[in-house]
Amino acid sequence: MDIVTHCKVPRYLHNDLPLGNPLGTPYDRKTQIASVLSALSLAAGAKQSVVEISDASWTGSPAWKENYNKVDETNREELLRLGEENRRKRAENKALGLSRQPRP
Amino acid sequence: MSDQAFVPYMERTRLFYRAQGFDKDYVWAHFETTPFLSPGKPLKDCVVTVVTTAVAHPEIPKPTRKAQSIPFTQAPAQFDTSELSWDKQATHTDDRQSYFPLEVLNELAGQGFIESVSRRFHFVPTQYSHRATLSEDAPSIARACREDEVDIALLIPL
């Protein structure tokens with residue numbers, strides 16, 4: 001929600017679900033269909049920019065909101081290690097010449 | 001609507017990457033004013049496509065991936081989502097329809113709710129570089145949408 005509104009998109013349908021299932025919880029066809037119908041209605045019917053918040057909700061543990069990309073004393077060392085690995089991988093890719101070439 | 005506050009992704013992301021030892025915070029691209037254009041026709045006359053961040057061709061190394069316009073007939077039964085930053089603790093992406101609504105769109109086209117599903121869908125790589133997204137990937141997808149006479153593009157990132 002915060003990133004998309006910061007970017008300023010013309011129409012945004014927000015499902016308050018963990019990242020990964022933007023249309024609805026896995027196998028929840030009812031919510032997935034409702035998401036597509038709402039998005040299409042916004043695309044064709046909105047007269048000005050709009051943010052719509054659906055009533056979709058996560059049926060699992062609510063802890064996902066606290067846990068996503070959380071930093072605390074239990075994972076500080078692991079995160080530093082991941083950062084080092086990330087920087088090493090980038091340097092490797094650079095050395096191998098793995099980067100996007102501009103389109104002709 | 002959920003009774004809990006929305007996840008503060010921007011702040012969470014800043015703290016997450018600072019904890020990984022990156023000293024420069026990410027700056028999100030954004031418009032100064034919100035762009036808006038209406039398709040100017042009813043839904044039943046609209047051609048619809050999908051723009052996804054799910055990876056159809058994982059054999060292309062991540063640092064070299066560019067936007068691709070791919071026939072829906074070549075959409076993989078299971079996209080590669082392993083390198084994307086979705087919530088791997090809370091959920092999974094085994095159900096393609098939770099992020100790529102081809103079946104629903106085909107059904108809506110069959111019912112006459114929309115004119116049709118376009119020939120191609122579009123992959124946009126999640127890019128650190130604003131320049132690559134704004135001056136290469138987005139124009140490439142816009143061109144392909146014009147070629148396919150698309151009226152509505154649903155951007156559905158993971």
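Author: Two residues are in contact if their C-beta atoms, placed from the backbone, lie within 7 Å. By that rule, the contact between the chains takes 57 residues from chain B and 50 residues from chain A. On the side of chain B that touches chain A, the elements giving two or more residues are α1 (9-19), α2 (102-110), α3 and β5 of chain B, and α1(B) gives the most, with 7 residues. This is a predicted model, where local features need pLDDT of at least 70 and side-chain atom pairs count only at pLDDT 80 or more, while totals for chains, interfaces and linings use all residues. Residues are numbered from 1 along each chain as its sequence is written, with chains lettered from A and ligands numbered from 1 in the order in which they are written.

Reader: What makes up the side of chain B that touches chain A, by class?

Author: There are 35 nonpolar, 16 polar and 6 charged residues. Ala, Val, Leu, Ile, Met, Phe, Trp, Tyr, Cys and Pro count as nonpolar, Asp, Glu, Lys and Arg as charged, and the others, Gly among them, as polar.

Reader: How do you know how confident the predictor is in chain A?

Author: From pLDDT, its confidence in each residue, from 0 to 100. Chain A averages 93, and 97% of the residues score at least 70.

Reader: Why is A:N69 called buried?

Author: A residue is buried if 20 or more other C-beta atoms lie within 10 Å of its own, exposed if 12 or fewer, and partly exposed in between, with C-beta atoms placed from the backbone. A:N69 has 20 other C-beta atoms within 10 Å, so it counts as buried. You'll find A:N69 in the loop between α3 (64-67) and α4 of chain A, with a positive phi of about 50° although it is not a glycine.

Reader: And what makes A:Y27 exposed?

Author: A:Y27 has 12 C-beta neighbours inside 10 Å, so exposed it is. Its phi is positive too, near 70°. Most residues other than glycine have a negative phi.

Reader: What makes B:D137 stand out in α3(B)?

Author: A kink of about 30° lies there, shortly before the proline B:P139. The bend at a residue is the angle between axes fitted to the seven residues ending there and the seven starting there. B:D137 is also buried, along with B:I141, B:A144 and B:C145.

Reader: What makes a nonpolar core, and which residues have the most contacts inside the largest one?

Author: A core is a set of buried Ala, Val, Leu, Ile, Met, Phe, Trp, Tyr and Cys residues joined through C-beta atoms within 7 Å. The largest has 35 residues, with the most contacts at A:L40, B:V48, B:I152 and B:L154. α2(A) gives the most to this core, with 5 residues. Leaving aside neighbours within four places in sequence, B:L154 is in contact with A:A39, B:V48, B:V50 and B:V51.

Methods. Helices (H or I, at least four residues) and strands (E, at least two) are DSSP runs, numbered from the N terminus.
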